[in-house]
Amino acid sequence: RVTYRVGEDAQQYLKERRSQALQKLGQEGLKGGVAQLELTADGGGIPVGELKRQSKAEITPETALTKVRQLPKGQRPIQAREARLIIAHEAGVKTERVVDCHIAPYENTAFTGERMLCAAVEAGLGDETHVHGVFDMGAWIKGQFEEQFALHERTAVADIMHVTEYLTDAGRVLVGQKDAKAWAMERKHRLLAGESDAVLTELAVHRCDGSCLKDEHGSCLVRVAQRYLNRNRAYLNYPEILALKLPVGSGEAESGIRHLIKKRLDVAGAWKEENAIHLLALITIRASGWWEDFWLFREQRDVTSWWKRQRGEIKPKFRGHRGKRQDDQAASPLAAAEPSDEKKQLASA
């Protein structure tokens, strides 16, 4: 419970930082900035669920109860909820990076887009900054990147490792399981050399005969790879990106999902979604190097609150049982006793 309360403070701290970043972006503009900014993003599932118990009306003599509180034993249906990770930093400087971990509301990609923009501002985005993105080309990532950085010089590329995974699956159909990886690696090198048209043509000539390996939706794995490459054809410009000495792989984001998010949250059981959000806020602060600044923020907030109480601007909250306390005082012999002469003198003084 203490951790969750600190997590609430962490959310407030991050909210204020994002507000300041957007204010800076909107009112002053972003003069200069770093020359080159690298941005990557990814998502990974974490277990969430709400505990559900039978209502009092549903309790029967056969209902299993907890040992201590004698409540109906509950069930917690578990589902995977996508936790999203954004990493932004100056090109070539990975020791100082801005990280954002969050859970976005359903069907609200703009929520993540705003986080993406704020992370870039914190990392040094300016009006002269070139922004380079490396993604797996998920709809929420690609669309928001293009929308949020529409006014900036930018490049983006499909993560070559993600592309290779699609090609490996296609190779299982075309050349068999044993040779699929080698076949995919050869096509990967051809893509890096700028031969995307040749690779797409090779996938297009395949004719499904009903015995092809299929994905969970019943589609041939070759057709899945072909659709992915065609859909992201504009982001297969690997020779151009390599010539600029920019990355074409998003291993940093995949590593972050594994070591920052899943290591802490992908555990046995399930989280309440709001509690998972608290933990992600704390992970964001620590991974971004803002840990000491966050605790200073809490300390300054407590000092400000203390002075307000001293000046009478806010009233302290009484956390006891006021009614019971007053009853106890009325019933106490000490409460009705006549004050001593010494107390009377102190009172008059």
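Which residues are linked in a network of salt bridges? Here they are: Glu186, Arg187, Arg190, Glu195 and Glu202. By salt bridge I mean a side-chain nitrogen of Lys or Arg within 4 Å of a carboxyl oxygen of Asp or Glu.

A quick word on the model, everyone. It is predicted, so local features need pLDDT of at least 70 and side-chain atom pairs count only at pLDDT 80 or more, while totals for chains, interfaces and linings use all residues. Numbering runs from 1 along each chain as its sequence is written, and side-chain values use heavy atoms, leaving out hydrogens and water.

Searching the whole structure gives 18 salt bridges. One of them joins arginine 17 to glutamate 122, with the closest N and O atoms 2.9 Å apart. That pair links distant parts of the chain, 105 residues apart: arginine 17 sits in helix 1 (residues 2-28) and glutamate 122 in helix 2 (residues 109-122). Helices here are DSSP runs of H or I, at least four residues, numbered from the N terminus.

Now to helix 4. Aspartate 169 and arginine 172 form a salt bridge there, 3.5 Å from N to O. They are three residues apart in helix 4, so about one helical turn separates them. Aspartate 169 is partly exposed, at 29% relative accessible area (buried is under 20%, exposed over 50%, partly exposed in between, with a 1.4 Å probe and protein chains only).

Helix 4 (residues 160-174) also meets helix 7 (residues 221-231): their axes, lines fitted to C-alpha atoms over the stretch in contact, come within 7 Å and cross at roughly 150°. The two helices are therefore roughly antiparallel, a word for angles over 145 degrees, on a scale from 0 to 180 degrees between N-to-C directions.

Note on methods:
Angles under 35 degrees count as roughly parallel, over 145 as roughly antiparallel, 65 to 115 as roughly perpendicular and the rest as oblique.
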